[in-house]
Amino acid sequence: MTDNKYDDPLFFNEYKKMARSQSGLQGAGEWPALQKMMPSFEGKSVLDIGCGYGWHALYAVQHGATRVLGLDNSQKMLDMAEEKKNTIEHGDRITYQALAMEQLSEVHGTFDIVISSLALHYVESFDNVVAQVHRLLAPGGHFVFSVEHPVFTASGTQQWHLDADGRPQFWPVDHYYEEGKRTASFLGCNVTKYHKTVTTYVQGLIKHGKFQLLQLVEPCPEPELLKVMPDEIRRPMMLLIAAQKK
């Protein structure tokens, strides 16, 4: 994501108000499902791509990871992550680096686990990411990530179609097979994302025998979330995938 909206002061101020920004993983609707897909972090080295506030890096260290490298190209995000790592025991096991996902070739070393939370829909080429993750993972290493679901990203605007009374009527899904750039309205700003099909995510992992697909989950919102956002049950918003390097 070389086009970085998260360092825009107005956008970032709105992002800070989100539940996941204020409450961490417990404020992320997909976390209960994603947590179940995570491998053991005990004694492991971890790479976090698009680390944001560093919530997943903190979780990894708190569950036994010996080394975590978090990457993000937003300095505002990294500043928040640096603050938070100083509040936990063994926070010094975490290192943050300003780097875009398109620059993964500049990362060196080997990791046991690579994670990425809601970041890879900001990068145009998933194949390039997979190739770099495969290079960086130790044999048998795990790659676990979440992205916005292709049903959610297909039409681009990411807005409900409303009826005359302003109530959500349906979620438009159009141009599904036309992958590429989309302009979405997010937190009052136009944000560039890249739509990909489910096939692209899955085949990107398993073609050429690089990875074994372990899990694919379309998480249903938790009951507590549905109390305040009942329409979230009507279409998938997230796609979660866990794979292992062969």
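By class, five nonpolar residues, three polar residues and one charged residue form the lining of the largest cavity. The model is predicted, so local features need pLDDT of at least 70 and side-chain atom pairs count only at pLDDT 80 or more, while totals for chains, interfaces and linings use all residues. Residues are numbered from 1 along each chain as its sequence is written, and side-chain values use heavy atoms, with hydrogens and water left out.

**Cavity**

- The structure holds one cavity of 30 Å³ or more, a cavity being a set of points on a 1 Å grid over the protein atoms alone where a 1.4 Å probe fits but cannot get out.
- The largest cavity contains about 30 Å³ of space.
- Its lining (residues with an atom within 4 Å of a point) consists of L34, M38, D48, H56, I115, S116, S117, V144 and F145.
- Strand 4 (111–117) and strand 5 each supply at least two lining residues, and strand 4 gives the most, with three; strands (E, at least two residues) and helices (H or I, at least four) are DSSP runs numbered from the N terminus.

**Nonpolar cores**

- The largest nonpolar core has 39 residues, and those with the most contacts inside it are L120, F143, F145 and L205; such a core is a set of buried Ala, Val, Leu, Ile, Met, Phe, Trp, Tyr and Cys residues joined through side-chain atoms within 4.5 Å.
- Helix 6 gives the most to this core, with five residues.
- Leaving aside neighbours within four places in sequence, L120 is in contact (heavy atoms within 4.5 Å) with M101, F126, V129, F143, F145, V147 and K196.
- A second, separate core of 28 residues includes M38, Y59, A60 and I88.

**Helix 8 (198–206)**

- Y201, V202, G204 and L205 are the buried residues of helix 8, buried meaning under 20% relative accessible area with a 1.4 Å probe and protein chains only.
- These residues lie on the same side of helix 8, because they cover an arc of only 160° around the axis, taken from the directions from the helix axis to the C-beta atoms.
- Their cover includes helix 6 (126–136), strand 5 (137–148), helix 7 (150–153), strand 10 (211–217) and strand 11 (238–245).

**Helix 5 (75–85)**

- Helix 5 has M77, L78, M80, A81, K84 and K85 buried.
- An arc of only 160° around the axis holds these residues, which puts them on the same side of helix 5.
- The buried residues of helix 5 pack against helix 1 (9–15), helix 4 (55–62), strand 2 (67–72) and strand 3 (94–98).

Key
Buried means under 20% relative accessible area, exposed over 50%, partly exposed in between (1.4 Å probe, protein chains only). On a 1 Å grid over the protein atoms alone, a cavity is a set of points where a 1.4 Å probe fits but cannot get out, and a pocket is an open set with protein on both sides within 12 Å along at least five of seven lines; lining residues have an atom within 4 Å of a point. Grid points are joined across faces, edges and corners, and a volume is the space filled by probe spheres set on the points. Ala, Val, Leu, Ile, Met, Phe, Trp, Tyr, Cys and Pro count as nonpolar, Asp, Glu, Lys and Arg as charged, and the others, Gly among them, as polar.
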